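Work through these exercises with the model open beside you. Try each task before reading its solution.

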Amino acid sequence: MPVKIYLPTPLRQYADGHDIVEVEARTVGEALQNLASKFTGLRKQIFTETGGVRSFVNIFVNDEDIRHLQGQETVLKEGDTIYIIPSIAGGSYD
Amino acid sequence: MVKGRGVVSLVGNTPMVRLSRLERPNGPKIYAKLEMLNPGGSVKDRPAVYMILDGVRRGLLTREKTILDATSGNTGVAYSMVAASLGYRVKMVVPANASRLKVAKMLSLGAEIVFTDPLEGMDGAIKKAVEIYESDPDMYFYPDQYSNPMNPRAHYETTGPEIMAQTGGRITHLIAGVGTSGTLAGTSQYLRERLPSVRIVEVQPEGEFHGIEGLKNMNGGMRPSLYREQIGDQLIRIPTEEAEETARKLLLKEGIPAGTSSGAALAAALRLSVDLDSGLIVVILPDGLQVGGEGVKRVRP
Ligand SMILES: Cc1ncc(COP(=O)(O)O)c(C=O)c1O
(Lines give C-alpha, C1' and ligand atoms only; values in the text may rest on other atoms or scores of the structure.)
Protein backbone atom coordinates (compact mmCIF):
# COMPACT_ATOMS: atom_id res chain seq x y z
CA MET A 1 0.00 0.00 0.00
CA PRO A 2 1.18 3.58 -0.50
CA VAL A 3 2.86 5.20 2.50
CA LYS A 4 4.40 8.60 2.92
CA ILE A 5 7.97 9.02 4.19
CA TYR A 6 8.96 12.39 5.61
CA LEU A 7 12.61 13.34 5.18
CA PRO A 8 14.62 15.69 7.42
CA THR A 9 16.15 18.74 5.75
CA PRO A 10 19.70 17.35 5.27
CA LEU A 11 18.40 14.28 3.41
CA ARG A 12 16.26 16.16 0.91
CA GLN A 13 19.25 16.92 -1.34
CA TYR A 14 19.51 13.16 -2.00
CA ALA A 15 15.83 12.95 -2.98
CA ASP A 16 15.65 15.64 -5.65
CA GLY A 17 14.68 18.13 -2.98
CA HIS A 18 11.49 16.33 -1.92
CA ASP A 19 10.45 16.57 1.73
CA ILE A 20 7.88 13.79 1.37
CA VAL A 21 8.30 10.68 -0.74
CA GLU A 22 5.52 8.18 -1.37
CA VAL A 23 6.42 4.49 -1.74
CA GLU A 24 4.58 1.16 -1.94
CA ALA A 25 5.35 -1.14 0.98
CA ARG A 26 3.96 -3.67 3.47
CA THR A 27 6.61 -3.19 6.14
CA VAL A 28 8.85 -0.38 7.35
CA GLY A 29 11.92 -2.20 6.04
CA GLU A 30 10.35 -2.52 2.62
CA ALA A 31 9.40 1.15 2.62
CA LEU A 32 12.97 2.20 3.46
CA GLN A 33 14.43 -0.18 0.88
CA ASN A 34 12.10 1.16 -1.79
CA LEU A 35 13.00 4.70 -0.81
CA ALA A 36 16.71 3.86 -1.12
CA SER A 37 16.15 2.22 -4.52
CA LYS A 38 14.27 5.23 -5.79
CA PHE A 39 16.92 7.65 -4.52
CA THR A 40 20.14 5.65 -4.33
CA GLY A 41 22.10 8.43 -2.62
CA LEU A 42 19.96 7.87 0.48
CA ARG A 43 21.12 4.29 1.00
CA LYS A 44 24.36 4.98 2.78
CA GLN A 45 22.83 7.87 4.72
CA ILE A 46 20.21 5.60 6.30
CA PHE A 47 21.64 2.08 6.32
CA THR A 48 24.79 0.44 7.64
CA GLU A 49 26.74 -1.86 5.34
CA THR A 50 24.94 -4.85 6.83
CA GLY A 51 21.48 -3.41 6.14
CA GLY A 52 20.60 -2.21 9.62
CA VAL A 53 19.46 1.34 10.26
CA ARG A 54 22.41 3.53 11.34
CA SER A 55 22.73 3.99 15.11
CA PHE A 56 21.66 7.63 15.23
CA VAL A 57 18.80 7.32 12.76
CA ASN A 58 15.39 7.06 14.36
CA ILE A 59 12.50 5.75 12.30
CA PHE A 60 9.03 6.59 13.49
CA VAL A 61 5.73 5.17 12.29
CA ASN A 62 3.29 7.90 13.18
CA ASP A 63 4.35 8.64 16.80
CA GLU A 64 6.15 5.38 17.60
CA ASP A 65 9.86 4.66 17.31
CA ILE A 66 10.16 1.36 15.42
CA ARG A 67 12.56 0.16 18.13
CA HIS A 68 9.46 -0.06 20.33
CA LEU A 69 7.51 -1.83 17.57
CA GLN A 70 8.90 -4.68 15.45
CA GLY A 71 11.80 -2.75 13.96
CA GLN A 72 12.09 -2.99 10.19
CA GLU A 73 9.55 -5.86 10.26
CA THR A 74 6.85 -3.50 11.57
CA VAL A 75 3.75 -3.98 9.39
CA LEU A 76 2.25 -0.85 7.92
CA LYS A 77 -1.44 0.03 7.88
CA GLU A 78 -3.36 2.18 5.45
CA GLY A 79 -2.58 5.82 6.10
CA ASP A 80 0.60 5.25 8.16
CA THR A 81 3.30 7.88 7.92
CA ILE A 82 7.02 7.22 8.35
CA TYR A 83 9.42 9.87 9.69
CA ILE A 84 13.21 9.70 9.44
CA ILE A 85 14.71 11.72 12.26
CA PRO A 86 18.34 11.93 13.34
CA SER A 87 18.94 11.52 17.04
CA ILE A 88 20.70 14.46 18.60
CA ALA A 89 20.47 12.69 21.94
CA GLY A 90 23.75 10.90 21.47
CA GLY A 91 22.85 7.83 19.48
CA SER A 92 20.95 4.77 20.34
CA TYR A 93 22.21 1.32 21.10
CA ASP A 94 19.17 -0.85 20.88
CA MET B 1 36.56 27.58 49.88
CA VAL B 2 33.09 29.07 49.55
CA LYS B 3 32.18 30.90 46.37
CA GLY B 4 30.08 33.99 46.99
CA ARG B 5 28.40 34.87 43.70
CA GLY B 6 26.19 31.86 43.37
CA VAL B 7 26.33 29.32 40.60
CA VAL B 8 27.86 31.80 38.14
CA SER B 9 31.09 31.73 40.13
CA LEU B 10 31.27 27.95 39.74
CA VAL B 11 31.45 28.10 35.94
CA GLY B 12 34.81 27.42 34.32
CA ASN B 13 38.14 26.39 35.84
CA THR B 14 37.45 22.86 34.70
CA PRO B 15 40.11 20.20 35.22
CA MET B 16 42.35 18.76 32.54
CA VAL B 17 43.38 15.13 32.52
CA ARG B 18 45.93 13.19 30.51
CA LEU B 19 44.51 10.26 28.52
CA SER B 20 47.56 8.01 28.77
CA ARG B 21 45.64 4.85 27.96
CA LEU B 22 44.60 6.30 24.61
CA GLU B 23 47.98 7.72 23.64
CA ARG B 24 50.14 6.00 21.05
CA PRO B 25 53.50 4.73 22.36
CA ASN B 26 56.13 7.31 21.36
CA GLY B 27 53.36 9.57 20.12
CA PRO B 28 52.09 12.93 21.35
CA LYS B 29 50.50 13.44 24.74
CA ILE B 30 46.72 13.85 24.74
CA TYR B 31 45.11 16.03 27.40
CA ALA B 32 41.35 16.39 27.77
CA LYS B 33 39.60 19.53 29.05
CA LEU B 34 36.62 18.25 31.00
CA GLU B 35 33.87 20.74 30.24
CA MET B 36 31.16 18.35 31.46
CA LEU B 37 32.30 19.29 34.96
CA ASN B 38 30.82 22.77 34.67
CA PRO B 39 27.82 23.09 37.03
CA GLY B 40 25.31 22.90 34.14
CA GLY B 41 27.13 19.90 32.70
CA SER B 42 28.64 21.47 29.58
CA VAL B 43 30.99 23.97 28.00
CA LYS B 44 27.98 26.17 27.23
CA ASP B 45 27.85 27.43 30.81
CA ARG B 46 30.71 29.76 29.89
CA PRO B 47 29.03 31.66 27.01
CA ALA B 48 25.65 31.61 28.80
CA VAL B 49 27.15 33.50 31.76
CA TYR B 50 28.88 36.00 29.47
CA MET B 51 25.86 36.63 27.26
CA ILE B 52 23.46 37.06 30.18
CA LEU B 53 25.74 39.31 32.24
CA ASP B 54 26.48 41.37 29.12
CA GLY B 55 22.73 41.78 28.55
CA VAL B 56 22.29 42.96 32.14
CA ARG B 57 25.23 45.38 31.89
CA ARG B 58 23.97 46.90 28.66
CA GLY B 59 20.44 47.25 29.98
CA LEU B 60 19.06 44.85 27.36
CA LEU B 61 18.03 42.28 29.93
CA THR B 62 15.71 43.74 32.51
CA ARG B 63 13.44 42.15 35.10
CA GLU B 64 10.37 42.24 32.85
CA LYS B 65 12.10 40.42 30.03
CA THR B 66 12.36 36.75 29.25
CA ILE B 67 15.61 35.26 27.94
CA LEU B 68 14.87 33.66 24.56
CA ASP B 69 17.16 31.55 22.35
CA ALA B 70 17.34 28.48 20.14
CA THR B 71 19.38 25.59 21.51
CA SER B 72 20.09 21.93 20.88
CA GLY B 73 20.15 21.44 24.65
CA ASN B 74 23.31 22.49 26.46
CA THR B 75 22.99 26.24 26.02
CA GLY B 76 19.39 25.94 27.19
CA VAL B 77 20.43 24.15 30.37
CA ALA B 78 23.13 26.77 30.93
CA TYR B 79 20.79 29.75 30.40
CA SER B 80 18.17 28.13 32.63
CA MET B 81 20.66 27.56 35.41
CA VAL B 82 22.14 31.08 35.31
CA ALA B 83 18.67 32.63 34.96
CA ALA B 84 17.37 30.67 37.96
CA SER B 85 20.27 31.91 40.04
CA LEU B 86 19.84 35.55 38.97
CA GLY B 87 16.03 35.59 38.91
CA TYR B 88 15.15 35.78 35.21
CA ARG B 89 12.62 33.87 33.12
CA VAL B 90 13.70 31.69 30.21
CA LYS B 91 12.01 30.53 27.02
CA MET B 92 13.99 28.00 25.00
CA VAL B 93 13.26 26.93 21.43
CA VAL B 94 14.36 23.34 20.97
CA PRO B 95 14.00 20.80 18.13
CA ALA B 96 11.69 18.02 19.34
CA ASN B 97 14.45 15.44 18.84
CA ALA B 98 16.71 17.08 21.43
CA SER B 99 18.16 15.05 24.29
CA ARG B 100 15.39 14.12 26.71
CA LEU B 101 17.77 14.47 29.60
CA LYS B 102 18.55 18.07 28.68
CA VAL B 103 14.90 18.90 28.13
CA ALA B 104 14.19 17.49 31.59
CA LYS B 105 17.01 19.58 33.09
CA MET B 106 15.70 22.77 31.47
CA LEU B 107 12.18 22.10 32.70
CA SER B 108 13.33 21.35 36.22
CA LEU B 109 15.25 24.65 36.23
CA GLY B 110 11.98 26.43 35.42
CA ALA B 111 12.41 27.06 31.70
CA GLU B 112 9.51 27.25 29.30
CA ILE B 113 10.18 25.18 26.19
CA VAL B 114 8.87 25.66 22.67
CA PHE B 115 9.42 22.54 20.56
CA THR B 116 9.98 22.76 16.82
CA ASP B 117 9.69 20.21 14.01
CA PRO B 118 12.49 17.64 14.37
CA LEU B 119 12.64 17.32 10.55
CA GLU B 120 13.83 20.94 10.40
CA GLY B 121 16.65 20.50 12.93
CA MET B 122 18.40 23.48 14.53
CA ASP B 123 17.61 25.75 11.58
CA GLY B 124 13.91 25.30 12.32
CA ALA B 125 14.46 26.20 15.98
CA ILE B 126 16.48 29.29 15.07
CA LYS B 127 13.79 30.49 12.66
CA LYS B 128 11.13 29.98 15.31
CA ALA B 129 13.18 31.89 17.92
CA VAL B 130 13.52 34.85 15.53
CA GLU B 131 9.79 34.72 14.83
CA ILE B 132 8.92 34.73 18.55
CA TYR B 133 11.34 37.60 19.17
CA GLU B 134 9.98 39.68 16.31
CA SER B 135 6.41 39.11 17.44
CA ASP B 136 7.17 41.06 20.64
CA PRO B 137 10.72 42.48 20.85
CA ASP B 138 10.02 44.35 24.09
CA MET B 139 9.20 41.17 25.91
CA TYR B 140 12.38 39.26 25.14
CA PHE B 141 16.13 39.39 25.55
CA TYR B 142 17.40 37.42 22.56
CA PRO B 143 21.16 36.90 22.99
CA ASP B 144 21.40 34.71 19.83
CA GLN B 145 24.34 32.46 20.62
CA TYR B 146 25.07 32.03 16.90
CA SER B 147 25.97 35.68 16.41
CA ASN B 148 26.75 37.03 19.90
CA PRO B 149 30.41 38.10 20.25
CA MET B 150 30.19 37.38 24.00
CA ASN B 151 30.09 33.68 23.10
CA PRO B 152 33.68 33.51 21.75
CA ARG B 153 34.67 36.20 24.26
CA ALA B 154 33.84 33.83 27.13
CA HIS B 155 36.35 31.35 25.73
CA TYR B 156 38.94 34.03 24.96
CA GLU B 157 38.82 35.16 28.57
CA THR B 158 38.41 31.84 30.36
CA THR B 159 38.96 28.62 28.36
CA GLY B 160 42.05 29.96 26.57
CA PRO B 161 43.90 31.18 29.68
CA GLU B 162 43.00 28.00 31.58
CA ILE B 163 44.49 25.80 28.84
CA MET B 164 47.58 27.98 28.68
CA ALA B 165 48.10 27.64 32.45
CA GLN B 166 47.18 23.96 32.68
CA THR B 167 49.68 22.98 29.98
CA GLY B 168 52.33 25.45 31.15
CA GLY B 169 52.25 26.86 27.62
CA ARG B 170 53.35 23.51 26.16
CA ILE B 171 50.20 22.90 24.09
CA THR B 172 51.05 22.20 20.43
CA HIS B 173 47.55 21.35 19.09
CA LEU B 174 44.06 22.45 20.10
CA ILE B 175 41.15 20.31 18.93
CA ALA B 176 37.48 21.21 19.25
CA GLY B 177 34.23 20.67 17.43
CA VAL B 178 32.17 23.53 16.05
CA GLY B 179 28.48 24.24 16.60
CA THR B 180 28.24 27.99 16.98
CA SER B 181 32.08 27.88 16.73
CA GLY B 182 32.36 30.08 19.83
CA THR B 183 34.57 27.61 21.71
CA LEU B 184 37.12 27.18 18.94
CA ALA B 185 37.11 30.84 17.88
CA GLY B 186 37.68 32.33 21.33
CA THR B 187 40.08 29.70 22.64
CA SER B 188 42.19 29.64 19.47
CA GLN B 189 42.42 33.42 19.32
CA TYR B 190 43.82 33.54 22.85
CA LEU B 191 46.29 30.73 22.28
CA ARG B 192 47.52 32.03 18.90
CA GLU B 193 48.24 35.46 20.36
CA ARG B 194 50.58 33.84 22.87
CA LEU B 195 51.82 30.78 21.01
CA PRO B 196 52.06 31.64 17.31
CA SER B 197 53.06 28.08 16.40
CA VAL B 198 50.06 26.38 18.02
CA ARG B 199 48.05 24.34 15.50
CA ILE B 200 44.25 24.65 15.60
CA VAL B 201 42.15 21.69 14.48
CA GLU B 202 38.47 22.15 13.72
CA VAL B 203 36.13 19.16 13.95
CA GLN B 204 32.85 18.87 12.05
CA PRO B 205 30.48 15.96 11.58
CA GLU B 206 30.96 14.07 8.34
CA GLY B 207 27.89 14.75 6.26
CA GLU B 208 25.04 17.12 6.94
CA PHE B 209 22.93 14.20 8.18
CA HIS B 210 24.53 13.16 11.45
CA GLY B 211 23.82 12.45 15.11
CA ILE B 212 26.50 14.45 16.89
CA GLU B 213 24.67 16.75 19.28
CA GLY B 214 25.90 20.32 19.29
CA LEU B 215 28.07 20.06 16.18
CA LYS B 216 27.33 21.36 12.71
CA ASN B 217 28.50 20.45 9.25
CA MET B 218 29.11 23.92 7.87
CA ASN B 219 28.37 22.94 4.25
CA GLY B 220 24.64 22.76 4.79
CA GLY B 221 21.85 24.88 6.13
CA MET B 222 22.27 28.19 7.92
CA ARG B 223 25.84 29.05 8.88
CA PRO B 224 26.30 30.73 12.26
CA SER B 225 27.34 34.31 11.59
CA LEU B 226 30.16 33.84 14.12
CA TYR B 227 31.68 31.11 11.97
CA ARG B 228 34.75 31.79 9.86
CA GLU B 229 36.16 29.33 7.37
CA GLN B 230 39.84 28.62 8.01
CA ILE B 231 39.15 29.07 11.71
CA GLY B 232 41.53 26.14 12.08
CA ASP B 233 44.78 25.20 10.36
CA GLN B 234 43.14 21.89 9.62
CA LEU B 235 39.59 20.52 9.42
CA ILE B 236 38.77 16.92 10.31
CA ARG B 237 35.34 15.47 9.58
CA ILE B 238 34.19 12.59 11.77
CA PRO B 239 31.31 10.18 11.05
CA THR B 240 28.76 9.78 13.85
CA GLU B 241 29.61 6.10 14.29
CA GLU B 242 33.30 6.88 14.86
CA ALA B 243 32.36 9.60 17.38
CA GLU B 244 30.09 7.16 19.27
CA GLU B 245 32.74 4.44 19.20
CA THR B 246 35.43 6.81 20.48
CA ALA B 247 33.20 8.11 23.29
CA ARG B 248 32.70 4.46 24.31
CA LYS B 249 36.46 3.87 24.23
CA LEU B 250 37.00 6.94 26.42
CA LEU B 251 34.45 5.58 28.87
CA LEU B 252 35.80 2.04 28.98
CA LYS B 253 39.54 2.79 28.86
CA GLU B 254 39.72 6.01 30.86
CA GLY B 255 36.46 5.91 32.80
CA ILE B 256 35.45 9.33 31.52
CA PRO B 257 31.73 9.68 30.77
CA ALA B 258 31.48 12.03 27.77
CA GLY B 259 28.98 12.86 25.04
CA THR B 260 29.15 12.16 21.32
CA SER B 261 30.71 15.50 20.37
CA SER B 262 33.52 14.70 22.84
CA GLY B 263 33.91 11.40 21.01
CA ALA B 264 34.19 13.31 17.73
CA ALA B 265 36.88 15.65 19.05
CA LEU B 266 38.82 12.78 20.58
CA ALA B 267 38.51 10.73 17.37
CA ALA B 268 40.14 13.65 15.55
CA ALA B 269 42.92 13.70 18.15
CA LEU B 270 43.55 9.98 17.72
CA ARG B 271 43.68 10.37 13.93
CA LEU B 272 46.07 13.31 14.26
CA SER B 273 48.32 11.52 16.73
CA VAL B 274 49.13 8.87 14.11
CA ASP B 275 51.14 11.48 12.18
CA LEU B 276 52.91 13.03 15.17
CA ASP B 277 56.01 11.83 17.04
CA SER B 278 55.68 14.33 19.84
CA GLY B 279 53.66 17.27 21.02
CA LEU B 280 50.81 17.98 23.39
CA ILE B 281 47.30 17.78 22.02
CA VAL B 282 44.49 19.38 24.01
CA VAL B 283 41.00 18.12 23.21
CA ILE B 284 37.94 19.94 24.49
CA LEU B 285 35.25 17.55 25.74
CA PRO B 286 32.03 19.65 25.69
CA ASP B 287 29.61 17.53 27.68
CA GLY B 288 28.95 14.29 29.51
CA LEU B 289 27.46 10.90 28.79
CA GLN B 290 23.76 10.96 28.04
CA VAL B 291 22.10 8.49 30.35
CA GLY B 292 18.46 8.61 31.23
CA GLY B 293 17.50 9.25 27.61
CA GLU B 294 17.25 6.73 24.84
CA GLY B 295 20.99 6.33 24.68
CA VAL B 296 20.96 3.82 27.51
CA LYS B 297 22.43 0.48 26.60
CA ARG B 298 20.26 -2.35 27.80
CA VAL B 299 22.25 -5.02 29.60
CA ARG B 300 21.35 -8.43 28.26
CA PRO B 301 21.80 -11.65 30.25
C1 LIG C 1 27.58 18.86 23.10
C2 LIG C 1 28.16 20.03 22.37
N3 LIG C 1 29.33 19.90 21.77
C4 LIG C 1 29.88 20.91 21.09
C5 LIG C 1 29.27 22.13 20.97
C6 LIG C 1 29.90 23.19 20.12
O7 LIG C 1 30.37 24.30 20.79
P8 LIG C 1 30.34 25.73 20.12
O9 LIG C 1 28.93 26.16 20.00
O10 LIG C 1 31.12 26.60 21.04
O11 LIG C 1 30.99 25.62 18.76
C12 LIG C 1 28.04 22.31 21.60
C13 LIG C 1 27.32 23.57 21.45
O14 LIG C 1 26.12 23.65 21.66
C15 LIG C 1 27.47 21.24 22.32
O16 LIG C 1 26.27 21.35 22.92
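**Exercise 1: the sheet in chain A**

Task: Find how strand 3 and strand 5 of chain A are joined, and in which sense they run.

Solution. Strand 3 (residues 57–61) and strand 5 (residues 81–86) of chain A run antiparallel, joined by five bridges. Strands (E, at least two residues) and helices (H or I, at least four) are DSSP runs numbered from the N terminus. Two strands pair if DSSP finds at least two bridges between them. Next, take V57(A): its bridge partner in strand 5 of chain A is P86(A). Now widen the view: the open sheet of chain A has five strands in the order 2-1-5-3-4, with mixed pairing. Strand 2 (20–24) and strand 4 (64–65) of chain A each have a single partner strand, so one side of each lacks a neighbour in the sheet.

The model is predicted: local features need pLDDT of at least 70, side-chain atom pairs count only at pLDDT 80 or more, and totals for chains, interfaces and linings use all residues. Residues are numbered from 1 along each chain as its sequence is written, chains are lettered from A and ligands numbered from 1 in the order in which they are written, and side-chain values use heavy atoms, leaving out hydrogens and water.

**Exercise 2: strand 10 of chain B**

Task: Determine how many residues of strand 10 of chain B are buried, and which strands pair with it.

Solution. Start with burial: six of the six residues in strand 10 (residues 280–285) of chain B are buried (under 20% relative accessible area, 1.4 Å probe, protein chains only). L280(B), V282(B) and I284(B) cover one side; I281(B), V283(B) and L285(B) lie on the other. Then pair the strands. Strand 2 (residues 29–34) of chain B runs parallel to strand 10 of chain B over six bridges. There, L34(B) stands opposite L285(B). Strand 7 (residues 173–177) of chain B also pairs with strand 10 of chain B in the parallel sense, over three bridges.

How values were computed: Buried < 20%, exposed > 50% of the residue type's maximum accessible area, 1.4 Å probe, protein only.
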